[in-house]
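Me: Hi! I've got a structure open and would like to get to know it. Can we go through it together, starting with a term I'll need?

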Amino acid sequence: MAEVPDIDAAGLDAGSGELSQQVQVINELKEFTPELGHAIDERWGIADLGFDYNVVAVFGSQSTGKSTLLNRLFSTQFDVMDESARQQTTKGIWICKARGSNTLVMDVEGTDGRERGEDQDFERKSALFSLSVAEVLIVNMWEQSVGLYNGANMGLLKTVFEVNLQLFQKQNAPKTCIFFVLRDFTSRTPLEKLAGTLINDLKRIWDSLVKPAGKEDAPITDFFDFEYVGVPHKIYAPEGFDKAVSELRERFYNRRNAQYVFKPVYHKRIPVDGFPHFAASIWEQIQSNRDLDLPTQQELLAQFRCDEISKGIYERFLAEIKPLRQKLDVGKVVDELGEVTQKLTQTSLEAFDKDASRYAAAVYKAKRADFATQMYTALSVLFVQQLRNLHKTAIKMFNDSLAHSSKIKGDESEFAHKLQTSNFEAEAYFKKGAEAAVIPAAGWTYDEQLSLFTQELTEECNKQRKEAMARLAKKLETDMTEQLQEPIKNLLTKPTRMLWPDVLRTIKTVTTSITSTLRHSLEGFEVEPALVAEEIKKTKIRIWDVAMETVKSELADKHLLEKLRESFESKFRYDERGIPRFWSPSDDIDGTFAAARTKADELLTLVSEIKVPLSELDPDVVESKHIKETPIVMLSVAKQEDIRALFNREAHGQFVDAKRSTVATEARIPPWFIVMTIALGWNEILIVLFNPMLALAVVAALALSFLIWKTGMTRPLFQVARVATGEVTRQVQTGLEDRGISINNLMNNATLKRARHSLASSLSFSNGTSTAPAHGAAAEGEAIELKRRATTAARSSSISDPLAADEMHDKSK
């Protein structure tokens with residue numbers, strides 16, 4: 001197979017200067033040339049090809065660029081129109097061989113040219129000749145001519161089809177491909193829409209033909225295939241034009257192309273050397289056919305007057321339907337559109353009958369039918385727009401009705417009924433409006449639009465159903481969260497040995513409630529039982545997930561430590577009656593601490609595993625979560641040890657504080673000191689008693705002391721005083737050390753030692769005892785220093801080992 005040749009703008013093969021040679025097959029005088037056989041044999045050298053050739057012809061109105069199109073497609077050299085003159089270029093029928101292909105290309109004189117005027121005889125005969133001889137007939141026409149009767153040459157095609165049936169369509173005759181090339185294609189209207197309009201017009205013409213016996217009901221597709229292509233404007237869109245022509249040329253040249261035009265079914269099965277005789281016989285038969293003769297003068301007059309009458313009436317008709325068009329264009333639905341337009345059509349036909357019925361009956365009836373078709377074509381636009389507006393309005397009505405019903409009844413239990421009601425109302429509205437827009441005589445149907453509307457309405461129903469189910473799922477999610485979180489948190493706040501059975505009981509209660517609500521609501525959606533079961537299973541799993549998420553959040557480090565702390569303190573810091581403990585040296589701090597810590601440890605062990613029988617869990621949850629056995633681990637061993645270590649640090653701190661609090665209670669004032677104080681201060685006591693102000697101050701101090709003791713504030717005040725004293729001591733020690741004075745050296749200073757010895761001697765003398773030797777005072781100072789050091793060491797080790805610290809503290813005392 002030859003490759004597609006590269007063709008430049010002049011129509012030459014790339015790399016070749018030879019021009020294609022063309023032959024005028026039929027001249028303007030309707031004479032067939034005897035030179036065709038000579039051209040096939042000698043000029044083009046294809047006489048020996050047999051059946052390996054194709055024939056294509058172009059047909060269309062004058063000055064539509066037929067010759068230009070052929071030159072671009074097949075690299076021929078047909079004469080093209082001079083743009084400045086705008087006059088007929090191709091006269092008669094010309095034929096030429098395509099470059100790079102065994103294709104004979106025929107350029108047919110354009111129709112509707114001013115040079116021939118009203119002489120339509122040659123137009124009909126040349127069109128019939130092209131249709132009968134060529135395998136592919138290219139119909140070259142403007143895009144804006146689609147939908148027109150004369151502009152699209154529909155009248156001419158009607159005559160050609162009818163005569164072609166009578167003369168040339170024998171048994172098993174090959175089909176012909178009619179290829180519509182829409183020039184100046186803008187893509188505003190999709191090519192499929194334009195093709196649909198053309199095929200509908202052709203079918204309407206075909207149905208009106210008088211067909212031979214045995215072919216009365218044969219469809220047009222039994223004899224013709226149709227192809228369509230759009231070509232942009234050659235001047236204003238040159239790149240698009242070249243691209244479209246290049247793609248079209250590929251379809252004529254490349255046999256491997258899926259859209260290759262020359263199919264075997266189109267071939268006339270005439271050898272190429274017999275083609276001249278075949279074409280001549282076809283032309284002779286066409287010339288002798290009286291069905292293609294010109295009409296009579298009476299018929300011409302009737303055609304002229306009927307066209308003139310219909311034109312005036314049609315203009316008034318368009319003016320009367322303009323207000324309807326304006327309403328429809330803004331999206332409004334015109335009530336009873338069919339009745340209104342039918343009256344307008346009937347009035348226009350009556351006006352046409354009044355003036356046109358006086359002329360030739362055959363022409364009058366044909367023109368009347370054409371006029372009615374013209375009005376119905378104009379009204380069909382309104383009809384389609386009415387259906388679109390009905391479509392949009394009905395969809396909006398459906399959504400509004402469903403939304404209004406949902407506001408009145410907020411639950412989703414009757415959703416299916418509301419959906420069905422709204423669907424029925426919208427569909428009934430569309431059908432009623434579409435039926436009211438139909439004109440019976442026009443033969444319109446709205447089946448396709450109804451199908452599209454039903455499809456979109458179904459999609460809208462599915463969308464609304466999904467949204468309603470989403471709302472239901474969101475509401476159930478909120479309900480299950482509210483019903484699960486608070487009870488589970490309460491159970492974990494003060495856990496008991498029945499913690500996990502109680503948690504499981506809560507989950508079962510919520511599951512029963514939520515699934516019951518879900519089942520009832522899904523009944524209102526009219527969904528399949530299998531889908532209901534699947535949704536309930538998903539809900540059960542979701543409830544379990546929410547419950548476990550709540551449990552895990554409560555078992556987070558911070559919350560779990562708080563729970564262990566509360567459990568420990570409830571045993572260690574408070575007694576059985578819930579009263580805070582005030583530790584004394586005789587209390588069993590160690591035993592209480594051990595019991596409290598054991599209680600906290602038991603709590604940690606309890607919450608670390610969900611201990612319930614596997615049979616108590618929902619089977620769907622067990623299957624989905626792949627639970628093989630119970631207990632279910634919530635805290636790993638490593639995690640438990642980490643939490644236990646953190647908790648022990650806090651518990652040990654409280655233990656040390658309890659031990660320290662007993663030190664203050666151990667300090668007792670000796671009885672002899674009380675007696676000595678009273679004896680030495682007797683005079684001062686009398687002064688106070690006989691002085692009202694001092695007596696009042698003493699009473700107030702005693703009352704305050706009693707109040708502090710009664711309210712249990714003694715220990716806190718002692719602790720505050722001890723802390724304050726310790727802080728003052730630390731500040732003094734720091735200040736002295738900053739000045740280079742060491743407390744230890746100061747305490748061992750000889751002067752201070754002598755002062756302490758003198759003080760001890762005085763006390764001994766006052767007590768009636770002899771003073772101790774000097775070395776006894778030194779020994780006492782050393783004992784005091786050792787006691788201080790032991791106390792300091794005990795405090796530093798109290799955090800790591802509170803029991804050892806307390807023992808050291810006792811020894812230091």
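Reply: Happy to! Buried means under 20% relative accessible area, exposed means over 50%, and partly exposed is in between. Keep in mind that this is a predicted model.

Me: Okay, so is serine 63 buried, exposed or partly exposed?
Reply: Serine 63 has a relative accessibility of 22%, so it counts as partly exposed.

Me: And where is serine 63 found?
Reply: Look at the loop between strand E2 (54-60) and helix H2 (66-74). Glycine 65 lies in that loop between E2 and H2 too.

Me: What does glycine 65 touch, leaving aside its neighbours within four places in sequence?
Reply: Glycine 65 is in contact with Asn140 and Arg183.

Me: Which residues does the UniProt "binding site" annotation cover?
Reply: According to the UniProt record, which is an unreviewed entry, the annotation covers Gly60, Ser61, Gln62, Ser63, Thr64, Gly65, Lys66 and Ser67.

Me: Back to H2. At what angle do H2 and helix H6 pack?
Reply: The angle is about 60°, and the axes of H2 and H6 (residues 238-253) are 9 Å apart. Their crossing is right-handed.

Me: Which residues make that contact?
Reply: H2 brings Leu69, Arg72, Leu73 and Phe74, while H6 brings several residues, including Phe241, Val245, Leu248 and Phe252. Sorted by class, the contact of H2 with H6 has eight nonpolar residues, three charged and no polar ones.

Me: New topic! How many residues are in the largest nonpolar core?
Reply: There are 61 of them, and Phe129, Phe161 and Phe275 have the most contacts inside that core. Phenylalanine 161, for instance, touches Leu131, Ile178, Leu202, Trp206, Leu209, Ile220 and Phe224, not counting residues up to four places away in sequence. Apart from this core lies another one, of 51 residues, with Leu492, Val510, Trp544 and Ala600 among them.

Me: Why would nonpolar side chains be buried together?
Reply: In soluble globular proteins, that is how they tend to be arranged.

Me: One more: where is aspartate 184?
Reply: Aspartate 184 is in the loop between strand E6 (176-183) and helix H5 (191-207). Its relative accessibility is 18%, so aspartate 184 counts as buried.

Me: What is phi of aspartate 184 near?
Reply: Phi there is near 55°, a positive value in a residue other than glycine. Serine 187 also has a positive phi, near 70°, and serine 187 lies in the loop between E6 and H5.

Note on methods:
Residues numbered from 1 in each chain as written. Predicted model: local features only at pLDDT ≥ 70, side-chain atom pairs only at ≥ 80, totals over all residues. Heavy atoms only, no water. Core = buried A, V, L, I, M, F, W, Y, C linked by side-chain atoms within 4.5 Å. Buried < 20%, exposed > 50% of the residue type's maximum accessible area, 1.4 Å probe, protein only. Contact = heavy atoms within 4.5 Å. UniProt positions renumbered as here; feature names shortened; annotations may be inferred. Helix = DSSP H or I, 4+ residues; strand = E, 2+ residues; numbered from the N terminus. Axes fitted to C-alpha atoms, helices over the stretch in contact; angles between N-to-C directions. Left-handed = near helix turned anticlockwise from the far one by under 90°. Nonpolar A, V, L, I, M, F, W, Y, C, P; charged D, E, K, R; others polar.
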